[in-house]
Amino acid sequence: MTLGKSLHPVSTRQNRNQRVYFTGFWQEQDLELGTLAPLGEAISSTVWSSPDMLASQDSQPWTSDETVVAGGTVVLKCQVKDHEDSSLQWSNPAQQTLYFGEKRALRDNRIQLVRSTPHELSISISNVALADEGEYTCSIFTMPVRTAKSLVTVLGIPQKPIITGYKSSLREKETTTLNCQSSGSKPAAQLTWRKGDQELHGEPTRVQEDPNGKTFTVSSSVTFQVSREDDGADVVCSVNHESLKGADRSTSQRIEVLYTPTAKIRPDPPHPREGQKLLLHCEGRGNPVPQQYLWEKEGSVPPLKMTQESALIFPFLNKSDSGTYGCTATSNMGSYKAYYTLNVNDPSPVPSSSSTYHAIIGGIVAFIVFLLLILLIFLGHYLIRHKGTYLTHEAKGSDDAPDADTAIINAEGGQSGGDDKKEYFI
């Protein structure tokens, strides 16, 4: 049976060009009226604008395009609203039938049935390879056969990048070029560079097709000048590709930078005094680390003797040790001289043991006096609040005397018989 793809409009001409309909599909043949066309003739698979159009659209299957990472699993789903008592079928890009309804047609254990109903046929393909990419066809065997396409795109995962170009240690201010390459990506990946937290602007990514004709090899290079701060830094090349889904895939190259030494002098103790022991430490930095230290004092012709490698020792300081001292740190990359001015201060007074004893005794006495004062304050407060009594010389009837003389006489006479009057105070 040959399937057509063109749309033929419906006509009602009454002549020998009679149209014969087959469940919503038609063909045009030169036939006598009242005769049927042979089933082996061409049948158009295109639906037309007629009252039966909605019914035919319900019989049209539909699918969706899928994207899968190589090695992953993809699910192909085909659905139809009106199956017209027919089964759905999946076939691969080579037009090999994979499943017809629930029946397996191709012996490939990677392909499994997910769901099979009159309205749906879903299958899964595991461990997908690049060769599985292409258009998969879902068909329903009505009259005529209707199909739907599903484009499966397989992403090639890029390999871990490789950095080349670094051979040995670099000297300060030297320029170097590093190369980075990654194979197996599909579509082509992008490469980026960084040094520590700093982004490096390399050349645009170059793309070359791999021998398999499906994946690509990408490469990039970066050129930069190194400084002493770059010693021990990591230069990183990263691959950006949709198959990684944000995961990091990168390679780092640690670089070593050779640079001239630096030095500084640190006194111990920081503020030396006369009579103390003093160490002057000459702290050298560089790559390689300084191996030779030479001490000198301004105004002194012969160099001073060095002890404990980079330290200069003064066992007992005196005023004559004051002056400016220099330390020269040397490596095979060069030398550096640091200076320190020493000022010897007067010795600090040392408190005697007798004065310390007297201070302790004085503290104890002061504490005892303080306790006594507190005790006296509490005692006085208590006595003030204590209640007392006393007697008055008023007689009981003196208030009724007509004059003062009578009152006195009554008071003197009635003193013994009068009641004691009590008076309270606070």
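## Pairing of β10 and β11

Two strands are said to pair if DSSP finds at least two bridges between them. In this predicted model, β10 and β11 run antiparallel and are joined by six bridges, and at one point along them leucine 113 stands opposite isoleucine 123 in β11.

These strands belong to an open sheet of three strands, arranged in the order β6-β11-β10 with antiparallel pairing. Because β6 and β10, the latter covering residues 111–117, stand at the edges and have a single partner strand each, one side of each is left without a neighbour in the sheet. Direction ignored, neighbouring strands of this sheet are turned by 15° against each other on average.

## The largest nonpolar core

In soluble globular proteins, nonpolar side chains tend to be buried together. The largest nonpolar core of this structure has 20 residues, and those with the most contacts inside it are Leu76, Leu88, Trp90, Ile123, Ile125 and Tyr136. At least two residues of this core come from each of the strands β6 (74–79), β7, β8 (97–100), β11 (120–125), β12 (134–140) and β13 (146–155).

Strand β7, which spans residues 88–91, also contains serine 91. Is serine 91 buried or exposed? Serine 91 counts as buried because its relative accessible area is 3%, and the limit for a buried residue is under 20%. If residues up to four places away in sequence are not counted, serine 91 touches Gln96, Thr97, Leu98, Tyr136 and Thr137; Tyr136 is also listed among the core residues with the most contacts inside the core.

## Strand β17 and its partners

Strand β17, made of residues 190–195, has a covered face with Leu191, Trp193 and Lys195, whereas Gln190, Thr192 and Arg194 make up an uncovered one. With strand β21, which runs over residues 234–240, β17 pairs in the antiparallel sense over six bridges, and glutamine 190, from the uncovered face, stands opposite asparagine 240 in β21.

A further partner is strand β18, residues 198–200, with which β17 pairs in the antiparallel sense over three bridges. Here tryptophan 193, a residue of the covered face of β17, has leucine 200 in β18 as its bridge partner. The hairpin of β17 and β18 has two residues between the strands, and in this hairpin glycine 196 takes a positive phi near 65°.

How many aromatic pairs does a search of the whole structure find? The search finds two. One of these pairs consists of phenylalanine 314 and tyrosine 325, whose ring centres lie 5.5 Å apart and whose planes stand at 85°, so the pair is edge-to-face. This pair links distant parts of the chain, since phenylalanine 314 lies in strand β26 (residues 311–314) and tyrosine 325 in strand β27 (residues 323–331), eleven residues apart. Both phenylalanine 314 and tyrosine 325 are buried.

Methods
Residues are numbered from 1 along each chain as its sequence is written. This is a predicted model: local features need pLDDT of at least 70, side-chain atom pairs count only at pLDDT 80 or more; totals for chains, interfaces and linings use all residues. Side-chain values use heavy atoms; hydrogens and water are left out. Buried means under 20% relative accessible area, exposed over 50%, partly exposed in between (1.4 Å probe, protein chains only). Helices (H or I, at least four residues) and strands (E, at least two) are DSSP runs, numbered from the N terminus. Contact means heavy atoms within 4.5 Å. A nonpolar core is a set of buried Ala, Val, Leu, Ile, Met, Phe, Trp, Tyr and Cys residues joined through side-chain atoms within 4.5 Å. Rings of Phe, Tyr and Trp (its six-membered ring) pair if their centres lie within 6.5 Å; planes under 30 degrees apart count as stacked, over 60 as edge-to-face and the rest as tilted. Axes are lines fitted to C-alpha atoms, for helices over the stretch in contact, and angles run from 0 to 180 degrees between N-to-C directions.
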